[in-house]
Every structure is written in structure tokens, then in C-alpha cells.
Amino acid sequence: MQQKYETRLLTPLVVLVWLLTSCASQPSSMDELNAVYYWRTELRLNDAERQFLSDHHIRKVYCRYFDVVMDEAQAVPRPNATLAFNDTLPASVEIVPTVYITEDCMHERHDSLAMLVVRRILQMNETNGIRGVREIQIDCDYTSHSRPVFYEFLQEVKEELNKNHSTLTPQLSTLNPQLSTLSATIRLHQLQMEAPPVDYGVLMLYNTGDPRRFQERNPILDERDVQPYAQYLADYPLPLAAAYPVYRWQRQVEGVRIEHTVDKDVILNVKTLVERKRPELSRAIITYHLDEENINRYDKQTYEAIYRHH
């Protein structure tokens, strides 16, 4: 059965679909920077969003390029929800292509998946004239069950980044000549596991709670859900950045619309908690995610406090 999956992934048709559909040593410390996630399916910034990047000295945008999901009918991973580039980021801002992979894609090994992911990112960069990319980020809510396959996949991605991609098209190596850094998201429960084989991790300080307990705790962020995992921060062997939520979550529960947002004091209290356990987390700070509605949810002073470095 495994051979069946591998054969499908290696066919020229699948490679073509991946490319064209919809379109080492670790650092000892994190650089000081402000960053945001961009998690929409169309890259288009309005004046308020551009002003936010300028006002808060944003140097990096972790931009979701596409998702990887399981195609149940074909029993192989496939790309989904590809980003449409209808705008550009300011020249002063570094773009980090980010790929979300569903956990079920990591239940078993899929040969050539790492190659397909990296080449699809490179193809999107070439098609849209994205230059100077130095880093790729992989986002996956892996568990103890899927961790071995996911870590092997990450190692293969790292190897792909070290290859000469001019064999794909002549322009790729010149568009992104310094592409060598690999990062991954780290959820709180993953702090208890062996660190992944990446250059650094982004600690996700959002989606920390159980949505079924929303009457007791905010499922986006609650200090009581962070506290039990804080003990692992000091000794976690991977350099870490910190990502905080500024978004709203609306959902239907038994026909009733429930809206979740996070009070600014909760964000700042969690920031204090994790930075006390690991001062490095005050250096590289990210908010999730860039959107005018999120910008207007908090005043400028709150954002300055979130992005404050010590």
C-alpha cells in the first residue's frame, strides 16, 4: 500500500499539479524584530494595513502560501487554498512563505512530498516576482503519533533548501539565492516533545484552549491554559519567537453565534509570564494576523506593548 502512494506522488502529472495549480547549525539567539502573520487567500493590503507595518516597524511577514491537505479519494497529500498575489509588500519587509500541513498528512510517509512543497513555493515566487526569500516556515499541529514522520519530512525540506534549484527553472536560484532557513510553529503541547529539526520555532500563544469549554475559558488564549506548559520553556533546546493573537473567532454552537476575542490585559499577562520563564521571547515578536479589523480591535499603545522588547 505504501508503494502505491509513492508511485502516485512521483508521477509527472502530480508534480505538474503541485507546481501550477492556482497560480545545520542553529542560531544561539533570536534577532530582535517585529513581525506579523498574513493568513488570507489574497495578498492585498489597504492603507491601514500598510500604515500598521510602518508604525510598528514590521520587518517580517509570515505569509501563508497554501495548505497541504489529504485527498481522501487519491490517498495522497495535495495543495489547497493557494494565495493569490494581487499586491506586493513594502520593499523593507521580508516575506516568509508559510505552509500549513494538516496533521493527517503526517500519519505515514509520502515520498517526494518535501520536494513538491519546496518547488511549489519556488514556482510561486518565480511566477509572482518574489525576490530575496531566505526562509520557509511549516505549520503543523503534529502529535506524538505523527511526530516521527513530520520530523523526517522537515529534514527532507531542509535538504531540499540546500540543493541547487536551478534545475527547475534558470531563474529560481537567482530569485532566492539565500533560501536556507527553515522554521516551524510550536504549539504549547509540543513543548513536551523532542524539538523539531529546524533553525528556530515560533511559539503559538493562541488556540490554547478547548473550544468545548468556552463558557469557562477563552479558547483563543487563557493564562490558565498556558501556565502548565511554561515549565518547559527554559530548557526547550530550540531558539523561539513568540506569536500572540489579535483576531476574532466567530462560530456556531447549537445554532447560537459565539464570538471570541482576547482582552489586551490577557495578552500582556501571558507575554509577561512566558518572558519571565524565557527572556529570549521578548526579542522576536509576531502577531496573528494582519487585517484592518484586527488592527482596529486594539489601540496603538496596546500594540506597542505587545511588541515591546526587553
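## Helix H7

Helices are DSSP runs (H or I, at least four residues), numbered from the N terminus.

## The largest pocket

The largest pocket has a volume of about 460 Å³. A pocket is an open set of points on a 1 Å grid over the protein atoms alone where a 1.4 Å probe fits, with protein on both sides within 12 Å along at least five of seven lines; lining residues have an atom within 4 Å of a point. The volume is the space filled by probe spheres set on the points.

There are 20 lining residues, and Asp141, Arg187, Met204, Tyr206 and Asn207 are the closest to the pocket centre. H7 (residues 223-230) gives the most to the lining, with four residues. By type, the lining holds ten nonpolar, five polar and five charged residues.

## Confidence

The protein chain averages a pLDDT (the predictor's confidence in each residue, from 0 to 100) of 90, and 87% of the residues score at least 70. Over residues 1-13 pLDDT stays under 50, as it does over residues 22-28. Where pLDDT is low, the predicted coordinates should not be read in detail.

## Basis

Residues are numbered from 1 along each chain as its sequence is written, and side-chain values use heavy atoms, leaving out hydrogens and water. Local features need pLDDT of at least 70 and side-chain atom pairs count only at pLDDT 80 or more, while totals for chains, interfaces and linings use all residues.

Technical notes:
Contact means heavy atoms within 4.5 Å. Helices (H or I, at least four residues) and strands (E, at least two) are DSSP runs, numbered from the N terminus. Ala, Val, Leu, Ile, Met, Phe, Trp, Tyr, Cys and Pro count as nonpolar, Asp, Glu, Lys and Arg as charged, and the others, Gly among them, as polar.
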